[in-house]
Amino acid sequence: MTIFGIPIETIYYYILIIIGILIVIDVLSALIFSVSIISFSLDLLPVPGSVLLYFLGAFSLAGFLGEKYTSLSSINVLIGSVIFGLIFAFILYFGILLPLSRTSDSIAYVTKDLEGKTGVVITSIPIDGFGEVLIEMNAGKVAKAAKSNQNEPISLGETVIIIDATDAYIVVSPYTSFLA
């Protein structure tokens, strides 16, 4: 089959080369500048333009290989190429790009991460009782219920080190700096 006197295999090949170059430029620009140059969005499609590039790349690759190495008719190769391109773009968008776009840096912490950190007593800790300790974290400050490690009172404003941490409370001990 020919289009405007050019064999369709050649058209698939030219599309593959052009789209391949654009994909390489897109990936390199994203790596170097942290921004995709070809990050356009079409009003008709709710997906990024790079997904369209990958669809066209998969489509043209399947078309070129189908024309070159199979005895199928050009219409069957075209239909198969469109299906292959759509499946590839679908997997890329819904399997990789969309889940990645929904992830974010979390400000949550694991309770066991508190062990070894220091904090300041904001509600004094009595003997055999609970008080409250303010711990400074990367994303802000966390106040946790606390009890003394050795059942000794710890007064307001004292610096403590966290010995053990559970979801309900932390176990602390008075902290003395080696530098003081």
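Let's begin with a word you will need throughout: a residue is buried under 20% relative accessible area, exposed over 50%, and partly exposed in between (1.4 Å probe, protein chains only). The model on your screen is predicted, so local features need pLDDT of at least 70 and side-chain atom pairs count only at pLDDT 80 or more, while totals for chains, interfaces and linings use all residues. Residues are numbered from 1 along each chain as its sequence is written, and side-chain values use heavy atoms, with hydrogens and water left out.

**Stop 1**

Select Lys112, Glu115 and Asp164. Glu115 and Lys112 meet at 3.0 Å, N to O, and the closest N and O atoms of Asp164 and Lys112 are 3.2 Å apart. Helices (H or I, at least four residues) and strands (E, at least two) are DSSP runs, numbered from the N terminus.

**Stop 2**

Next, select Lys68 and Glu9, whose side chains form a salt bridge (4.0 Å, N to O). Lys68 belongs to helix H2 (residues 49–69) and Glu9 to helix H1 (residues 8–33), so the pair ties together parts that lie 59 residues apart in sequence. The whole structure holds three salt bridges.

**Stop 3: the largest nonpolar core**

A nonpolar core is a set of buried Ala, Val, Leu, Ile, Met, Phe, Trp, Tyr and Cys residues joined through side-chain atoms within 4.5 Å. Now select Leu114, Ile125, Val133, Ile135, Ile162, Ile170 and Val172: of the 14 residues in the largest core, these touch the most other members. Strands S4 (131–137), S5 (140–148), S6 (159–165) and S7 (170–174) each give two or more residues to this core.

Which residues does Leu114 contact, leaving aside its neighbours within four places in sequence? With contact meaning heavy atoms within 4.5 Å, the partners of Leu114 are Tyr109, Ile135, Met137, Lys144, Ile162, Ala165 and Ile170.

**Stop 4: a separate core**

Finally, select Tyr12, Phe59, Tyr93 and Leu98. They are among the ten residues of another core, which lies apart from the largest one.
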